Amino acid sequence: MVKIKQLSIFLTNQKGRLYNVLNILAENNINIRALSLTDTSEFGILRLIVDNPDKGEQILEANNYTLKTTQAIAVELEDVPGGLVSILKILNDNEINLNILYAFTQDYSDKAILFLSIPNLDFLIKILKENSISLVASNVIYNL
Amino acid sequence: MFWDKNTECMEREEINEMQIIKLQKTVKYAFDKIPYYHKKYTECEVFPEDIQSLQDIEKLPFTTKDDLRESYPFNMFAVDLDEIIEIHSSSGTTGKPVVSGYTRKDIHNWSELLARGLTDWGITSKDVVQNTHGYGLFTGGFGLHYGAQKIGATVVPISTGQTRRQIQLLNDFKSTCLIVTPSYGLYIAEVAKEEGFNPQDMGLRVIGFGSEPWTEEMRQRLQDSFNAPAYNIYGLTEMMGPGVAVECHKQNGLHIAEDFFYPEIIDSETGKQLPENTTGELVLTNIEREGMPIIRFRTKDVTSLNYDSCECGRTFCRMDRITGRTDDMLKVKGVAFFPSQIEKALLKVTEIEPHYQVIISRPNNLDEIELQVESTPQLFSDDVTTLIKIRDKISDYIKNEVGIKVKVTLVEPKSIKRSTAKAIRVIDKRNLH
């Protein structure tokens, strides 16, 4: 499995909102693997990759959050200057417009991890594989 | 000063004698010419000959806004269209709009009503009247226009908006009378100050205001801003337009033109007439209208009638300023609408009804309306661009339905306070009552 479950949560752009949602996850022992925030002046979307997405979803729904689960994939890239650019070039050459991208480094390897998402995820996977980009399995991500 | 002293200062007895004759004539005319009345009165078994006194008006059924809507567009007209020289229409709140038709004589009479009011305020042919009421289907613009022209004043038909231009013309044309909604008047004063003018030095002598809920405190602010007295005008499209009642310079109630309208106050629950000086729903009857006589129209406006003599010398009864509505109609920026229209527009976008709340405020003397919508899973998209599109779509649908721009805000679920009984759909922070 290379598809990773991602939680997208609607938040009002107001003081304390991010804290509240993260606090609920913390209290329920959900560990966040990666986080990205998109915001407008009024509202924002918080995207999370967590160790237990099903539990996370359940808890947030029980706490009246509006959320959607979407899928993303993770690719490994060299943690060197130009690492990210090399991936983006492939996407650009194939005219893929990214919806979501976030990157982070971790200590399980010397690589950086990049999360990508577009509506047609299978196409993205195909293109990346054709270009010999290695994808990280979902269970590896959940258990980082 | 009087425009038509003989009429405006008639004795009560004379007024009542005139009214019963006009009422009998109107009921017969409507019964003969308009199928709606013929059918309704026949069903209620009440006929023109049953109207022997003014009290007998209670035998007649009410006419409601729904009745008028069902007659869309021209079924309430008593004359052929070739005799109608002008048509106005309400903004079409909740479904079909209400159409009002005027013969040449009706337009003449309408001008008369406002000529009386403006003359009392001291407006003469020497004055320049800057009319910021909207020109078009809305009755506000033209009603004031005709009245001011009738007395020979110079009319500046600038209509609503273009605030900087308003200020420029106030200065350049030396306008002496300004016709505004109270909130727009205050806004003009505000902008004038920003532009470096002192509104008190602009030479305004009189302000006429209407088509919006107001308080005495707002009037005071309006008067202080321009250093000129401000008088209220009441009217509604269904009955004619502005001028049904106009406040005299004593500022102690609006004189109803009783030779054109027969007023009643009723208990809106029981439909029974209430005595003078008692607050209830205003019911009006056109007793002198060719194009479209409306009998016992339920205005849903809450006020009271006072028949005491007025210091100004006019004998027509006075109504209090409108202190409320018997329904949930809202007036924002001069536009009337119902919360149900917002709901209707929302449903078109979202299919299922989200929890929402309308918040009306007046931050800089101008009405603002915000619609907060709770984001449901159906509304929510994992994409900011889509969310903004949804938000703008809601705003567009409402603009279409209601006619005014509404600021739409998406908020988190359960963030709008629930009340135990009925959902609070509207919070009006303007503090109007």
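1. Helix 2 (12-33) and strand 10 (261-266) of chain B each supply at least two residues of the lining of the second largest pocket, and strand 10 of chain B gives the largest share, 4 residues. Helices (H or I, at least four residues) and strands (E, at least two) are DSSP runs numbered from the N terminus. A pocket is an open set of points on a 1 Å grid over the protein atoms alone, with protein on both sides within 12 Å along at least five of seven lines, and lining residues have an atom within 4 Å of a point.

2. This is a predicted model, in which local features need pLDDT of at least 70 and side-chain atom pairs count only at pLDDT 80 or more, while totals for chains, interfaces and linings use all residues. Residues are numbered from 1 along each chain as its sequence is written, chains are lettered from A in the order in which they are written, and side-chain values use heavy atoms, without hydrogens or water.

3. The second largest pocket holds about 340 Å³ of space, and of its 16 lining residues the closest to its centre are Gln55(B), Tyr262(B), Pro263(B), Gln273(B) and Tyr307(B). A volume here is the space filled by probe spheres set on the grid points, which are joined across faces, edges and corners.

4. The whole structure has 2 cavities of 30 Å³ or more, a cavity being a set of points where a 1.4 Å probe fits but cannot get out. The largest cavity has about 140 Å³ of space, and among the 16 residues that line it, Glu8(B), Arg116(B), Gly117(B), Val246(B) and His255(B) are the closest to its centre. Strand 8 (241-247) of chain B contributes the largest share of this lining, 5 residues.

5. In chain A, strand 1 (residues 4-12) is largely enclosed by the rest of the structure, because 8 of its 9 residues are buried (under 20% relative accessible area with a 1.4 Å probe, protein chains only; exposed means over 50%). Strand 1 of chain A runs antiparallel to strand 4 (residues 67-78) of chain A, joined by 6 bridges, and pairs in the antiparallel sense with strand 3 (residues 43-50) of chain A, also over 6 bridges; pairing requires at least two DSSP bridges.

6. In helix 1 (residues 17-27) of chain A, Val21(A), Ile24(A) and Leu25(A) are buried. They cover an arc of only 100° around the axis, which puts them on the same side of helix 1 of chain A; the arc is that of the directions from the helix axis to the C-beta atoms. On the other side of this helix, Tyr19(A) and Glu27(A) are exposed.
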